[in-house]
Amino acid sequence: MTRLVAGNWKMNGSLAANRDLLDGLVSVPGVEMAVCVPYPYLAQARQRPDGIVLGAQDVSEYAAGAYTGEVSAAMLSEFGCRYVIVGHSERRALFGEGDVMVGRKALAALHAGLVPIVCVGETLAERDEARVMEVIDRQLGAVREVLGAAAMSGVVLAYEPVWAIGSGRSASVAQIAEVHGAIRAWLDGHGVSAGAVRILYGGSVKPDNALELFDVPHVDGGLIGGASLAAADFMAICRAAAGGV
């Protein structure tokens, strides 16, 4: 399947900086490229280079109504979004989003024709306690419970070891291969069409480690944080995803 590289700008950007960043991007054949920008910049990011798709960083579980401050999936769709990140570890840890809420947000996205990028992953304490797949099983199980097995084949998954995000550390090739393989096996074992689901790696992917990471079995692309804020770095990662061209 075609690899996906999605840049998560997080709460960064300005009109001027965004313009410079977008102007430095160009689509790379053989890889799907996406930029997931803060809500206020969705309109600006519609004016992006051809071949690069648009995404958001979160979405409300509600379709409409008296939910001050929320942004619905239908609103994101109107702005031309294709993807939306749900369940990022920062949303879980800083804003208290639980596994079931993540599932409901994914469902709202699917109902609006968006593709949710569902994030899963363990903290350092959970890894040290050898609970990695226990945690991921719980996270995936909640999403499957809400969506059902058939609909779950329409999501993208992103494995993000929480301890590697923004730390400059990346999980080892062996650790990534083990978890991505286990996630693929989990999908197969729970009635999900695993071959249709892309599993991204997100955890300090940088130009100097991207080729090695994308060579790991069952790694179908990357969810890129800090490196997506520099056009040259993001382009290098996308070229690595395309096979180094």
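Where is Arg198 found? In this predicted model, Arg198 sits in the loop that runs between α9 (173-189) and β7 (199-201). Is Arg198 buried or exposed? Its relative accessible area is 12%, and because the cut-off for buried is under 20%, Arg198 counts as buried.

So what does the Arg198 side chain do in there? It reaches the backbone oxygen of Thr2 at 2.9 Å. There's also a polar contact of 2.8 Å between the side chains of Arg198 and Tyr83. Leaving aside neighbours within four places in sequence, Arg198 is in contact with a list of residues that includes Met1, Arg3, Leu4, Glu32, Val155, Val156, Leu157 and Asp220.

## Helix α5

Now for α5, residues 99-111. With 13 residues at 1.5 Å each, this helix should span 18 Å, and the 19 Å between its end C-alpha atoms agrees with that.

Its buried residues are Asp99, Val102, Gly103, Lys105, Ala106, Ala108 and Ala109. Among the elements covering them are α3 (73-78), β4 (81-86), α4, β5 (115-120) and α7 (132-147). After α5 comes Gly113, with a positive phi near 85°.

## The largest pocket

The largest pocket holds about 430 Å³ of space. It is lined by 14 residues, and those closest to the centre are Lys10, Met11, Gln57, Arg91 and Phe95.

Which helix gives the most to this lining? That's α4 (residues 89-95), with 4 residues. Sorted by class, the lining has 7 nonpolar, 3 polar and 4 charged residues.

Notes
Residues are numbered from 1 along each chain as its sequence is written. This is a predicted model: local features need pLDDT of at least 70, side-chain atom pairs count only at pLDDT 80 or more; totals for chains, interfaces and linings use all residues. Side-chain values use heavy atoms; hydrogens and water are left out. On a 1 Å grid over the protein atoms alone, a cavity is a set of points where a 1.4 Å probe fits but cannot get out, and a pocket is an open set with protein on both sides within 12 Å along at least five of seven lines; lining residues have an atom within 4 Å of a point. Grid points are joined across faces, edges and corners, and a volume is the space filled by probe spheres set on the points. Helices (H or I, at least four residues) and strands (E, at least two) are DSSP runs, numbered from the N terminus. Ala, Val, Leu, Ile, Met, Phe, Trp, Tyr, Cys and Pro count as nonpolar, Asp, Glu, Lys and Arg as charged, and the others, Gly among them, as polar. The expected span of a helix is 1.5 Å times one less than its number of residues. Buried means under 20% relative accessible area, exposed over 50%, partly exposed in between (1.4 Å probe, protein chains only). Contact means heavy atoms within 4.5 Å. A polar contact is a pair of N or O atoms within 3.5 Å; within protein, one must be able to donate a hydrogen and the other to accept it, and residues adjacent in sequence count only if both atoms are side-chain atoms.
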